Amino acid sequence: MTTKINLNGIAKTTDSAPSSPLLYVLRDELKLNGAKFGCGLGQCGACTVLLDDKPVFSCLTPLAAVADRRVRTIEGLGSADAPGPLQAAFIKHQAAQCGYCIAGMVMRAQALLEKLAHPTEEQIREHMEPNLCRCGTHMRILAAIHEVAASGVLHAKKGLK
Amino acid sequence: MRLKTKIAGLCTIAVICGIAALTWALQPAIAPISSAAPMTNDPQMLTRGQSVVALGDCMVCHTSNSGAPYAGGLPLRTPFGTIYSTNITPDPETGIGSWSLAAFRRAIRHGVSRDGHLLYPAFPYIHYTQMTDKDIEAAYAYLMSRTPVNYTPPDNELPLPLRFRPSLAFWNMLYLRPGERQTVPGADHQIQRGHYLVNSLGHCASCHTALNAIGGEAKAMLGGGTVDGWEAPSLTTLGSTKVAWTAKQLESYLRTGLSAEHGAAKGPMRAVTERLAEAPQADVEAIARYIMSIQVTADAPLQQTASHNMPTQQGATLFAAACASCHSASAPMSASAQRPSLALSHSVNSDNPANLIQTMLGGVPWAVPHSAIYMPPFADVLTDEQIISIAQYIRADIGKLPPWQDLPQKVVHARKEIHP
Amino acid sequence: MTDISTNMGRRAFMKGSALVVAFSLFPQYAQAELNAMGLPQVLNKNLPGSLKSTPWLDAWIKIERDGKVTVCSGKVELGTGVRTALVQIAAEQLELMPTEILFIAGDTSLTPNEGFTAGSHTIPDSGTALLHAAAQVRTLLLEGAAAKLNTDAGNLTIRSGKITSPDGRSIGYGAAITGIDLHRQASPASRLKPLGSYTLIGHPVHRLDIPNKLTGGASYVQDLRLPNMVHARVVRPPVKGARLISADVATAERLPGILKVIRDGSYLAVAATDEWSAITAMRALTASARWDGGGTLPEPKTIHASLQALPAEDIVILDKGNINTPKARTLKARFTKQYLMHGSIGPSCAVALLADGRMTVWTHTQGVFPLRSALAELLGMPDEQVRCIHTEGSGCYGQNGADDVAADAALIARAIPGRPVRVQLMRDQENQWEPFAPAMITEIEAGLDDSGRISHWHYELWSGSHNERPGNAGKLVPAWMLSKALVPSPSLPMLQPEGGGDRNALPLYVIPNAHITNHFLPRTTLRTSAMRSLGAHINILSIESTMDELSSMAAADPVEFRLRHLTDSRAQDVIRAAAQQFGWEHRNKQRNRGFGFAFGQYKNLMAYVAIALELEVQPDTGKVNILRVVAAVDCGQIVNPDGVINQIEGGILQSASWTLYEQLQFASDGIKSIDWSSYPIMRFSRVPAKVEVKLLERPGLPFLGVAEAAQGPMAGALANALGQATGKRLRNLPLAGPQLRS
């Protein structure tokens with residue numbers, strides 16, 4: 001059976017079983033690398049994507065649940081040649097060590113910055129709590145998020161999709 | 001009796017009540033203490049106070065989401081509006097740092113603040129009033145030893161009539177019986193202790209009893225209530241659940257937040273179990289034993305239905321991706337960590353789907369950094385229709401019970417209220 | 001196929017505290033066992049770094065006719081940024097930009113054998129090798145160009161693939177090197193570029209791999225997609241040693257997408273055309289599987305006493321002066337550490353392909369060469385028919401499930417020849433089967449003389465193995481479950497000066513009378529192996545906590561007390577730098593807050609790190625807020641300063657998580673830390689408010705390994721700060737918890 005989803009603004013058709021978690025559809029069928037398998041339990045956030053602008057664990061999102069809601073992954077935020085604001089900030093701050101958690105971090109931060117114009121340090125930390133980093137890159141991740149928050153560029157873009 | 005006499009009689013009663021209420025409403029201020037007043041160094045008093053405060057759950061209400069402990073500011077959503085808990089750190093300016101023991105005792109026993117204004121019964125002084133003098137003194141000593149925090153909580157958001165504090169005097173007349181209670185005749189020490197803890201410090205009835213229209217506890221004590229959209233189950237029919245509760249299971253649940261036979265503490269109860277983990281084990285045992293001693297005969301649990309004709313295929317499909325990694329029988333959480341099947345959970349077996357809905361929408365948050373029960377929230381993952389499907393599937397195929405008739409409306413309502 | 005029965009070559013007989021090992025008939029395995037870093041033998045001891053074992057220049061640097069330059073290393077990228085640093089080193093000496101180099105690391109067919117990427121050896125060993133190899137190749141390029149351009153080498157400029165004479169004629173690297181055979185041994189001495197000319201080494205070059213990782217580029221073995229690839233999952237027993245009685249293989253094989261169920265003894269795995277089908281079938285097999293027996297784990301509440309009661313090999317690593325002379329004042333302390341989990345964010349993964357009689361495995365192992373030998377033994381194939389290609393995984397911090405899952409992939413690929421097989425462990429499998437960081441105990445008795453100097457130091461530690469890497473095939477978890485099961489070769493202590501459990505057990509401080517013993521426990525029930533800094537974490541915590549208490553007894557400032565016991569000027573420099581940057585002299589103790597200071601030189605050989613911090617304890621909840629951390633670091637010539645800062649920040653946060661919060665949960669019937677909720681680690685809410693890292697510049701000095709150097713000092717600083725904040729000395733890790741409430 002085929003299912004249609006809206007992925008990064010483009011209609012995609014998938015053959016995966018409706019009971020598949022979205023993570024495997026993204027990675028295995030659609031060949032995207034950003035969202036990662038970290039636990040499959042909604043405890044680490046390595047699989048974080050946006051669903052109608054909200055951060056969700058793609059490892060626990062059934063394909064059957066997506067319907068016509070908008071799925072966004074890190075691939076939709078920008079490329080190595082034309083990175084989006086958060087990607088550029090993470091590169092500038094070298095906010096990665098092994099880098100396995102980083103796509104999930106960016107997606108979760110993207111949701112916050114689209115919603116809140118000037119989040120405080122406390123709000124950022126609370127919002128990012130679901131995502132784990134084992135290498136200890138948190139200080140740089142926070143610095144990158146703060147920089148993009150200060151620019152306000154993601155909040156201004158909101159609603160222009 | 002003639003109408004005129006009746007009216008006269010009623011008026012007299014009203015006037016007497018009014019005078020009584022007014023008298024009650026106009027409480028004098030108690031002089032503030034100087035901040036140089038020495039606080040106790042008695043370690044036994046402080047240890048006792050720590051237990052009392054843990055058993056009384058003071059920190060739970062008097063601490064906001066990211067605020068300092070006991071500094072207040074937690075919004076309590078009541079049917080009448082939002083009340084913010086007060087700062088009970090020993091800060092002289094914004095907390096209770098200038099309160100004498102007498103002022104503290106009056107607040108606990110009578111619901112009156114140091115400066116004389118009446119406290120809202122969101123503060124369960126109708127229960128705390130039953131505390132012994134020694135416990136009140138110990139609680140005072142412990143709270144005064146905490147770190148002072150200068151913080152003024154936000155103003156309450158209540159409709160105008162309710163902001164008129166003296167009106168509470170009338171409510172107190174109806175529901176406040178100040179002072180310690182008699183012991184339970186003929187009961188052993190552990191039951192006495194349990195009775196004391198449940199009714200005073202534990203104030204279990206504040207959540208586990210239905211409230212009437214003006215916020216007073218209804219007749220069926222501990223027969224179940226609602227808090228923040230969650231069902232606080234009946235505590236008097238625990239012996240009649242699918243797997244009957246025992247005192248041992250209840251004690252373990254209260255102390256650890258998890259019962260191997262019944263499931264995890266969620267919603268507002270979770271914080272209660274975290275505080276009870278700090279209380280003396282003997283006290284938690286007493287609470288459990290007392291609760292199990294006041295059981296009433298209930299209706300037999302709903303008959304399980306082996307088969308049904310509910311359409312649960314969609315729910316099963318969604319469950320396989322969203323829930324099975326933790327909740328299927330072969331999932332590590334079930335197999336290695338020995339979590340009970342959803343079939344045994346109160347949330348699934350209750351007549352009221354509120355708790356299942358709340359859990360699915362909001363999950364069970366992290367209590368980092370200590371090992372804890374956790375479940376991710378699904379409010380942003382699943383639509384109302386999908387939540388309804390999964391809940392129906394769980395109820396029918398896992399719980400093997402007849403469907404909840406009001407499930408769809410309750411899901412829509414819960415999301416609007418709690419997760420807009 | 002050679003039948004490999006239970007490995008008879010390795011039997012260890014325990015007699016009291018002595019260990020007698022009967023070695024097998026395979027000397028190359030014996031050498032690898034003794035060599036904890038998995039290194040091949042030294043061929044030319046006069047050469048710097050890894051050139052000692054791989055002296056040929058063309059093993060490291062190849063130049064094609066068209067000028068393309070390939071640089072090879074045996075050390076791999078674990079997420080520490082060494083790939084970029086090694087490229088910086090080679091590019092610097094070769095006068096190239098990093099993007100002009102093709103860099104290959106960790107491939108048994110293509111690169112030098114540098115053993116394991118571990119122990120902070122990458123820059124000192126591989127970096128040094130590349131520094132010199134590249135410099136010598138540059139010299140040869142200039143010689144070749146001089147000959148072809150008919151001028152003196154000294155007149156030529158070399159830059160970005162071109163060598164130019166003063167009159168403007170130029171020649172590319174490819175043409176310049178023609179006729180010069182790079183297959184020659186390196187010389188002991190090199191003409192290095194002058195330090196002042198460096199444009200890459202010592203500069204914060206952006207990491208080459210980060211942009212890809214931030215934009216969904218394929219970066220990890222988990223991202224590998226080969227044509228015709230199948231997805232596999234394994235079923236592990238509930239506990240080590242359990243025997244598989246039955247499983248409903250027939251039903252599993254009929255599930256959608258399933259290609260094959262593999263069963264060999266108690267080894268069970270399933271292969272499918274898509275990943276979710278493999279997972280679904282794995283769950284079905286797990287549900288139907290019936291197991292019998294298996295070991296019992298020790299009682300967690302008394303684990304340290306149990307460990308101290310086990311047979312031990314007692315290794316005295318320092319016996320100086322006379323520990324029994326009278327002392328003025330003494331203190332005694334015992335420290336304990338629980339089992340910790342590496343907790344790699346991405347569960348281990350591997351891809352294997354058996355084609356044309358050759359097995360190729362893409363793996364994030366720390367050691368492709370030792371793994372290749374172990375897999376060859378496991379499969380009964382000659383080494384040359386097995387190829388291991390390192391492909392990045394998530395951070396491993398030591399030995400995680402990488403080698404085991406490589407074995408899983410190879411076993412399953414053998415059952416499905418001609419198709420690549422991808423296996424990833426599930427979260428619970430990674431957690432329950434990875435080799436943990438050993439639980440350890442340290443005991444100390446130290447004394448001061450009348451002048452307030454340390455006069456006596458008696459230290460003992462107990463620890464299981466910190467190295468269970470292959471080695472022999474029996475070290476691989478899947479090998480234990482086969483019908484012809486293999487057993488691991490005996491665990492051996494890692495000897496000083498690097499050490500294992502006793503890493504950094506020797507204080508750098510000057511102490512006239514000292515006796516230090518490493519009680520090595522060769523057999524412990526839980527499987528353990530190396531985790532970042534090994535014994536240094538608890539040893540430096542124990543030493544630095546004791547230094548604090550001694551300084552208090554001597555009524556001295558903790559920083560000044562340490563300085564007075566050091567003669568190493570670089571150690572003194574980092575201590576002063578951290579104290580100064582922190583403002584140690586002006587610190588002001590407030591209610592519920594504490595300051596802590598600690599110092600360590602990793603292995604007493606590598607980077608120097610000093611840390612000062614302030615934290616706050618919330619007495620009502622026991623919550624710890626780390627307010628400010630300042631670290632000063634000396635790692636010799638810095639290759640990438642931002643890379644060093646990143647690693648030190650990471651080490652600080654990771655060590656804080658270990659020290660304050662982490663402990664493995666287990667019970668007699670198995671490992672209970674199956675996921676993050678049963679093994680919580682630091683999240684954003686607990687991360688420090690502020691971390692500063694100050695690097696000391698040491699141009700031209702040898703590279704000192706730095707990646708693990710913060711673990712011990714951070715732990716020590718935390719213990720000391722908590723001591724001041726709570727008024728209680730806390731010595732049993734993890735330090736945070738109900739005991740911090742008051």
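Chain C of this predicted model carries 18 helices and 28 strands. Its radius of gyration is 27 Å, close to the 27 Å that the globule rule gives for 742 residues, so chain C is as compact as a globular protein of that length. Chain B, for its part, has 19 helices and six strands. With a radius of gyration of 24 Å, close to the globule-rule figure of 22 Å for 420 residues, chain B is likewise as compact as a globular protein of its length.

**Chain C in numbers**
- Of the 742 residues in chain C, 65% are buried.
- If you look at chain C contacts between residues at least 6 apart in sequence, 78% of them link residues at least 24 apart.

**Chain B in numbers**
- The C-alpha trace of chain B spans about 65 × 65 × 50 Å along its principal axes.
- Buried residues account for 48% of the 420 in chain B.
- For chain B contacts between residues at least 6 apart in sequence, the share joining residues at least 24 apart is 66%.
- Chain B exposes about 19,700 Å², and carbon and sulfur atoms supply 60% of that.
- Chain B has 30 positive and 29 negative charges, whose mean positions are 7 Å apart.

**Nonpolar cores**
- The largest nonpolar core holds 140 residues, and those touching the most other members are A:Leu86, A:Phe90, A:Met105, A:Ile141, A:Ile145, B:Phe319 and C:Tyr339.
- Helix 4 of chain A (residues 102-115) gives this core its largest share, nine residues.
- Setting aside neighbours within four places in sequence, C:Tyr339 has contacts that include C:Ile303, C:Leu307, C:Phe436, C:Pro438, C:Leu526 and C:Phe666.
- There's also a second, separate core of 97 residues, with C:Ile315, C:Tyr602, C:Ile611 and C:Ala736 among them.

**A look at B:Ile136**
- You'll find B:Ile136 in helix 6 of chain B (residues 133-144).
- B:Ile136 counts as buried because its relative accessibility is 0%.
- Not counting residues up to four places away in sequence, B:Ile136 touches B:Leu101, B:Phe104, B:Arg105, B:Ile108, B:Arg109 and B:Met131.
- B:Leu344 is 208 residues from B:Ile136 along the chain, and their C-alpha atoms are separated by 40 Å.

Conventions. Residues numbered from 1 in each chain as written. Chains lettered and ligands numbered in written order. Predicted model: local features only at pLDDT ≥ 70, side-chain atom pairs only at ≥ 80, totals over all residues. Heavy atoms only, no water. Helix = DSSP H or I, 4+ residues; strand = E, 2+ residues; numbered from the N terminus. Rg over C-alpha atoms; globule rule 2.2 N^0.38 Å. Buried < 20%, exposed > 50% of the residue type's maximum accessible area, 1.4 Å probe, protein only. Contact = heavy atoms within 4.5 Å. Areas by Shrake-Rupley, 256 points an atom, 1.4 Å probe, with all protein chains shown as cover. Lys, Arg positive; Asp, Glu negative; His and termini not counted. Charge placed at Lys NZ, Arg CZ, Asp CG, Glu CD. Core = buried A, V, L, I, M, F, W, Y, C linked by side-chain atoms within 4.5 Å.
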